[in-house]
Amino acid sequence: MDMGRESRWEKDAMTVEIVFALVTAAVLAAVIFAAALSLVLALGISGSTEKGVLLGGALLGAMAGVWRLVHVLLRFGEQRRMGR
């Protein structure tokens, strides 16, 4: 038994956690952008204001997605170091 290498179970757990982080980050970003888009459509905003709201929604969604990705992966790393 090689104690220096990760087991297959640990590799699978890391893969699942990475996919979970990516999927939840993408969903969060999409929901935030959809909220900005629905705001534009509901209020009938047009022109440069529409572009600004959509750009703000895209940027806010991207930032929230990156935050979610980092948060989930850091939490997984901490739990892994603690032996959980």
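Start by selecting Ala36: setting aside neighbours within four places in sequence, Ala36 is in contact (heavy atoms within 4.5 Å) with Val53, Leu54 and Gly57. Before going on, note that this is a predicted model, in which local features need pLDDT of at least 70, side-chain atom pairs count only at pLDDT 80 or more, and totals for chains, interfaces and linings use all residues. Residues are numbered from 1 along each chain as its sequence is written, and side-chain values use heavy atoms, with hydrogens and water left out.

**Stop 1: around Ala36**

Keep Ala36 selected; its place is in helix α1. Helices here are DSSP runs (H or I, at least four residues), numbered from the N terminus. Is Ala36 buried or exposed? Its relative accessibility is 9%, so Ala36 counts as buried; the scale is relative accessible area, with buried under 20%, exposed over 50% and partly exposed in between (1.4 Å probe, protein chains only).

**Stop 2: the whole of α1**

Next, colour the buried residues of α1, namely Glu17, Ala21, Thr24, Ala25, Ala36 and Val40. These buried residues pack against α2. Just after α1, click on Gly44, which takes a positive phi of about 65°.

**Stop 3: across to α2**

Which residues of α2 are buried? They are Gly57, Gly61, Ala64, Gly65, Val72, Phe76 and Gly77, and they pack against α1. Just after α2 comes Gly83, with a positive phi of about 90°.

**Stop 4: the pair together**

The residues of the contact of α1 with α2 divide into 25 nonpolar, 4 polar and 5 charged. For that tally, Ala, Val, Leu, Ile, Met, Phe, Trp, Tyr, Cys and Pro count as nonpolar, Asp, Glu, Lys and Arg as charged, and the others, Gly among them, as polar.

**Stop 5: pairs to pick out**

- Leu73, found in helix α2, is partly exposed at 33% relative accessibility. Leaving out residues up to four places away in sequence, Leu73 touches Glu17, Ile18 and Ala21. Leu73 and Phe20 are 53 residues apart in sequence and 9.4 Å apart in space, C-alpha to C-alpha.
- Val19 sits in helix α1 and counts as partly exposed, at 44% relative accessibility. From Val19, jump 50 residues along the chain to Leu69: their C-alpha atoms are separated by 9.8 Å.
- Gly56 belongs to helix α2 and is partly exposed, with a relative accessible area of 34%. Gly56 and Phe33 are 23 residues apart in sequence, with 8.5 Å between them in space, C-alpha to C-alpha.

Methods: Helix = DSSP H or I, 4+ residues; strand = E, 2+ residues; numbered from the N terminus.
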